[in-house]
Structures are given as C-alpha cells and as structure tokens.
Amino acid sequence: MSSEEQTSLQEQQFMQKINAEEKIEPKDWMPEKYRKNLIRQISQHAHSEVIGMQPEGNFLTRAPSLRRKAILLSKIQDEAGHGLYLYSAAETLGISRDEMIEALQSGRAKYASIFNYPALTWGDMGAIGWLVDGAAIVNQVSLQRTSYGPYARGMIRICKEESFHQRQGYDIMLTLANGTSEQKAMAQDSLNRFYWPALMMFGPHDSESAHSAKSMEWKIKRETNDDLRQKFIDQTASQIEFLGLEHPDKELKWNEERGHYDSGEIDWEEFHNVIAGNGHCNRQRLEHHIKAHEEGAWVREALVAYNAKKQAKQAEVA
Amino acid sequence: MSDTIKDATIEYAIRLGDDANVLGHRISEWVSRGPFLEEDIAYANVALDYIGRARMFYGYASELTNDGRTEDDFAYMRDDRQYRNLLLMELPKEDFAYSQVRQLFIDIYYSLFLPELVKSKDDTLAAIAAKAIKETRYHLRRSRDWVLRLGDGTEESHRRTQRAVDSLWGYTHEMFELDDTEQLLADSGIGVDITQLRDEWHRQVSAILTEATLNIPEDGWAVRGGRIGYHTENLGHLLTEMQFVHRSYPGCQW
Ligand SMILES: [Fe+2]
Ligand SMILES: [Fe+2]
C-alpha cells in the first residue's frame with residue numbers, strides 16, 4: 001500500500017468514527033488540520049478562562065460584602081482551574097503550555113473578545129456571571145458532544161461549575177434589581193453594556209463564519225453560531241423580565257411561528273472593531289498577563305534551580 | 001459570661017477577624033498575577049480561607065454584641081484607627097518572595113496558635129480554630145516549600161528572599177505580645193497566651209530559614225501598634241479600596 005493509500009484509509013476510518021459518534025482519543029490517528037483546528041479552539045478557550053480572571057479580579061478587592069467576595073474568589077479560582085484543565089487537554093495534541101502562552105502574548109492566539117470590555121461597577125460582576133458565563137455555557141453544553149475525547153470530557157466537568165457561576169451572577173443582578181433605585185440603575189447599566197457583547201460571543205453569522213463548515217463536519221462544533229445564539233436570546237428574555245429591567249433590544253419580539261424570539265441586528269462593526277484591537281482593554285489584558293509572566297520569571301527559574309540542586313544531591317547519595 | 005469577659009471576647013474576635021480580613025485582602029491581590037497559573041489557584045484558595053475566617057470571627061463578634069451590627073459592618077464600616085489587625089497583615093504584597101516569607105511567618109504562628117485556641121473554653125472560638133487548623137496545615141506546606149525553593153534557588157531568588165526576611169522581621173515581635181484584654185482571656189482559659197509560643201515559633205522559623213540558606217536577622221528593631229489601631233500608612237489605602245463600593249451606597253443589601 002502506498003503512503004497515500006494508507007492516509008486515505010486512515011482518513012476513512014477517522015470519518016467513520018466521527019460519524020458513529022465515537023470519540024477521537026489522543027493516540028488515535030487524526031488529520032493534521034483536525035489537530036490544528038482543535039489546538040486553536042482549545043487553547044483559545046483556555047486563554048479566555050485565564051484572561052477572564054482579570055475583569056473579575058478587578059473587583060475582588062472592592063466586593064461590597066464579605067460573602068460576595070468569597071463567592072467571587074471561588075469563581076475566579078474555578079476559572080483558573082478551567083484554564084489549567086483546558087491547557088492540559090490541548091497538550092494531548094502535542095503543544096506545550098509554554099508555546100500556547102507565547103502564542104497568546106505575541107497576539108497570534110486569541111481569547112474571547114468579551115474580556116476586552118471594561119468591568120466598571122459591581123453590577124458588572126453580576127452581568128458577567130449571568131450573561132458571559134451564561135453564553136459560555138450554551139456553547140459549552142453543545143461542546144460536551146464534541147468529537148475529541150479530552151475536550152468533551154473537560155466540557156462536562158467545566159459546565160457544572162459554569163452553571164453555578166451563572167446562578168451567582170444572576171443572584172447579584174436580582175439583589176441589585178430589587179435594591180435601591182441606585183442599585184437598580186447600576187444593574188440596568190451593566191445589562192445594557194454586556195447584553196450585546198454577550199450575543200457577539202457566539203461569533204459571526206453562520207454565513208460569515210470562517211471555521212464553521214469543516215468544524216461541523218468533524219463534529220468539533222455541534223451547533224451553529226446562530227442556533228446557539230438563538231438559544232441564549234430565548235433563555236435570557238424571560239430572565240430580564242423577571243429582574244424587572246428593560247430589555248436592551250428594543251426590537252425583541254416573540255415569533256409564534258418560529259417558536260423563538262426575533263431580535264434586532266447586532267452591531268457587527270463594533271464586534272470587528274473590538275476584535276481588531278480597539279476595545280477598552282485589549283492592550284491592558286495582554287500587558288497584565290505579560291507583566292505577571294515576566295515578574296514571575298525569577299520564581300520559575302528558582303524552582304528549576306532548586307529542583308536541579310535537589311536532584312544532584314540525591315544522585316550523590318545514591 | 002461576665003460583662004468584662006464578654007467585652008474582651010468581642011474585642012478578641014474582632015482582632016482575629018481583622019487579621020484574617022486584611023491578610024485575605026492582600027493575598028487576593030495576587031490573583032491573576034502569580035508566576036504561573038497553579039499559583040493563581042493557590043492564592044485564591046488561601047485568600048478564600050482567610051475571608052472565610054474573617055466572616056466566622058466577625059460573625060461571632062456580631063452575635064455577642066447583638067446590637068444589629070453584621071459581619072460586614074465590622075469589615076466595611078470601621079476606619080483604620082479602629083482596625084486591630086497585626087501590622088504584618090497589612091504590609092503591601094511586594095514581590096513573590098516577600099509574600100511567601102510573610103506567609104511562612106504567619107503560617108507557623110497560626111500552626112502554634114490554633115491548636116491552643118481549639119482548647120478554648122469558648123466553644124465558638126474553639127470550633128473556628130478547629131476548622132482553621134486544617135487550612136493552615138496546607139498553607140504552611142506551601143509557604144515552607146516556597147521559602148526553601150526561593151532561598152536555595154538562584155542568586156536572585158536568594159537575594160530577594162533574604163531581603164524579605166530582613167524587612168519583615170521587625171513586624172513579627174508584636175505577634176507575641178499580650179495586652180490586658182488578651183491577658184484576661186488567657187487567664188480565663190478563653191484566649192491563647194501567645195507569649196508562650198514565641199520560642200517555638202523562633203525555633204521553627206530558624207530551622208526553615210537555615211535550611212533555605214538564609215540568615216536569621218538580629219532582633220534589633222521592632223514595630224508595634226496594630227492591636228491599638230496604630231497602623232502603617234498602608235492600611236488606609238487598603239481600606240479605601242475595600243470599603244469604597246460598600247460605603248458609596250449606604251444601607252444597601254448586596
Ligand atoms: Fe470557566
Ligand atoms: Fe465561569
């Protein structure tokens with residue numbers, strides 16, 4: 001058998017597995033583009049967890065009650081754990097965490113653009129948990145069925161914690177919405193600023209999405225951007241109503257025939273503008289990450305040196 | 001409980017709550033700024049333990065005062081002159097070596113203090129201590145490991161760690177001093193006689209510093225005042241940040 005024939009046989013077997021809803025595992029053969037596509041997606045997901053610690057970290061030292069501070073701390077701790085878990089999943093595809101971090105810091109790898117929006121008030125801690133984690137869950141629930149085993153299993157574990165985050169975020173909003181008029185205004189302002197960017201988290205319309213078709217075929221992606229977004233719009237509408245806040249989308253209207261809400265058009269110019277680097281925090285988020293990484297360099301070096309000394313000592317004894 | 005003992009116990013709970021609250025705040029400043037992701041997680045974890053402790057101590061103070069003040073009133077509605085934490089807790093986070101050395105001093109302190117507090121005749125204080133002991137065991141493992149690695153790592157890490165030891169040393173003396181309030185509680189079997197713990201603390205700290213190839217400073221200088229609300233300039237800034245949202249919207253639920 002020629003090597004070409006061999007590859008096409010492997011490719012057939014790979015597609016058979018995919019079509020039979022079997023998981024692809026790290027040691028299985030996979031097309032190079034599948035591997036690359038996954039590395040891109042999983043590492044981007046990991047970076048999002050990590051960069052996402054910053055806007056919420058921004059309110060850790062200002063949380064208005066000790067109870068809320070404890071909840072926020074434990075949420076951010078979870079997010080760091082998700083990052084760690086996802087980096088490990090990506091590493092099973094033959095890339096190191098150092099390489100991924102380098103790609104993030106050099107701007108080659110992306111993270112969710114939502115974190116380029118500033119967290120300005122305590123209400124934003126509510127809106128982020130409720131809407132940003134909420135949108136992430138809609139996406140991640142569908143990824144529990146993704147074709148790559150370690151990623152799918154990671155999503156199952158992560159989703160449990162994410163839904164807790166969403167509930168806590170919503171609980172902050174609920175408390176504010178039922179509080180003083182100033183608190184209610186704070187909640188409305190946060191909702192207004194985060195609603196549309198949360199919708200943008202699902203990516204461009206299906207017709208415009210660069211990675212979608214192949215990802216669907218390989219079952220890396222299980223539902224389209226627009227379908228996922230619709231789910232989120234639908235579930236959020238009643239939640240906003242329950243809060244007694246004004247819906248930021250003035251064109252939102254229930255469509256009996258479709259069984260879904262129709263909504264106003266997203267401002268795609270803003271979407272592309274923020275992705276292109278013109279968000280309030282694009283530079284700040286990366287610089288923060290780079291600064292922490294550089295300031296930690298001597299610590300990591302010390303760790304290596306200490307372990308080397310220890311090993312040398314043990315070798316001496318042996 | 002007599003009124004004198006009760007007042008002293010309230011004061012004690014507030015002091016211990018302030019220690020935990022202020023240190024927890026400082027540690028939380030590390031989140032997203034650690035040398036690698038595992039350390040961010042560890043910092044968040046330790047900060048969470050301390051915020052949890054602050055809530056338990058303040059909660060007890062609130063129960064005893066029984067005047068409607070909540071845990072948050074203690075944390076958010078007092079100024080730096082009213083705060084009673086040890087100065088060591090409020091010092092800025094500085095670099096990783098500084099924070100780990102501070103943590104080591106504090107972890108050894110609590111690993112001696114808490115097993116004594118567990119024996120307190122006051123059931124609530126004893127129960128809080130019992131929970132905190134387990135946390136401190138984990139904290140100490142971590143700070144001890146780090147000080148060993150940093151002290152005996154590279155030239156730079158050694159230099160930074162020694163500098164941290166030298167700059168923090170003067171703040172450790174007040175940890176082992178009793179005023180009338182704490183003396184009364186120690187005599188009544190409620191509080192801990194911390195003067196008895198100093199030698200053991202010194203022995204354990206010295207052993208680790210020596211293993212880490214670090215020098216143990218002379219006892220030449222000592223700064224004190226935390227327990228009477230005479231703080232460093234750092235605490236005012238810390239509280240400004242901590243209390244800003246809470247105080248900007250008076251009387252709100254969060
Ligand atoms: Fe997450
Ligand atoms: Fe989350």
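Which side chains meet in a salt bridge at 3.5 Å, N to O? Keep that in mind as you start. The model on your screen is predicted.

**Stop 1: helix 9 of chain A**

Select Lys214(A) and Glu217(A). Their side chains form the salt bridge in question, 3.5 Å from N to O. Both residues sit in helix 9 (residues 212-217) of chain A. They are three residues apart, so about one helical turn separates them. Now show the surface. Lys214(A) is partly exposed, because its relative accessibility is 38%. Glu217(A) is also partly exposed, with a relative accessible area of 41%.

**Stop 2: helix 10 of chain A**

Move on to Arg229(A) and Asp226(A). These two form a salt bridge as well, and their closest N and O atoms are 2.8 Å apart. Both lie in helix 10 (residues 225-243) of chain A. The spacing is three residues, about one turn of the helix. Is Arg229(A) buried or exposed? Arg229(A) is buried, with a relative accessible area of 4%. Asp226(A) counts as partly exposed, at 24% relative accessibility.

**Stop 3**

Select ligand 1, an iron ion. Show the side chains around it. Its donors are Glu49(A) (OE), Glu79(A) (OE), His82(A) (ND1) and Glu162(A) (OE), at 1.9 to 2.2 Å. The four donor atoms subtend angles of 85 to 144°, so the arrangement is irregular. Along the sequence, the donor residues follow the spacing E-x29-E-x2-H-x79-E. Two of them link distant parts of the chain: Glu49(A) is in helix 2 (residues 32-51) of chain A, and Glu79(A) is in helix 4 (residues 66-91) of chain A, 30 residues apart. Glu49(A) and Glu79(A) are both buried.

**Stop 4**

Display both ions together. They lie 3.4 Å apart, and Glu79(A) bridges them. Trace the chain from Glu79(A) in helix 4 of chain A to Glu162(A) in helix 7 (residues 149-177) of chain A. This pair ties together parts that are 83 residues apart in sequence. Both Glu79(A) and Glu162(A) are buried.

**Stop 3: two packed helices in chain A**

Select helix 5 (residues 97-105) and helix 12 (residues 282-295) of chain A. They pack at an angle of about 135°, with their axes 10 Å apart. Helix 5 and helix 12 of chain A are therefore oblique to each other. Show the contact residues. Helix 5 of chain A contributes Ile101(A), Leu104(A) and Gln105(A). Helix 12 of chain A contributes Leu286(A), His289(A), Ile290(A) and His293(A).

**Stop 4: over to chain B**

Pick Arg78(B) and Asp18(B). Their side chains meet in a salt bridge, 2.5 Å from N to O. The pair links distant parts of the chain, 60 residues apart. Arg78(B) is in the loop between helix 3 (71-76) and helix 4 (87-90) of chain B, while Asp18(B) is in helix 1 (residues 3-28) of chain B. Arg78(B) counts as buried at 10% relative accessibility, and Asp18(B) counts as buried at 0%.

Finish with a network. Select Glu11(B), Arg15(B), Asp19(B), Arg84(B), Asp179(B), Glu182(B) and Arg227(B), which salt bridges link together. How many salt bridges does a search of the whole structure find? Over all chains, there are 44.

Notes
Residues are numbered from 1 along each chain as its sequence is written. Chains are lettered from A and ligands numbered from 1 in the order in which they are written. This is a predicted model: local features need pLDDT of at least 70, side-chain atom pairs count only at pLDDT 80 or more; totals for chains, interfaces and linings use all residues. Side-chain values use heavy atoms; hydrogens and water are left out. Donors are N, O and S atoms within 2.8 Å of the metal (3.2 Å for Na, K and Ca); water is not among the atoms, so sites may look incomplete. Four donors count as tetrahedral if all angles lie between 85 and 135 degrees; four count as square planar and six as octahedral if opposite donors are over 155 degrees apart and all others between 65 and 115; anything else is irregular. Helices (H or I, at least four residues) and strands (E, at least two) are DSSP runs, numbered from the N terminus. Buried means under 20% relative accessible area, exposed over 50%, partly exposed in between (1.4 Å probe, protein chains only). A salt bridge is a side-chain nitrogen of Lys or Arg within 4 Å of a carboxyl oxygen of Asp or Glu. Axes are lines fitted to C-alpha atoms, for helices over the stretch in contact, and angles run from 0 to 180 degrees between N-to-C directions. Angles under 35 degrees count as roughly parallel, over 145 as roughly antiparallel, 65 to 115 as roughly perpendicular and the rest as oblique. Contact means heavy atoms within 4.5 Å.
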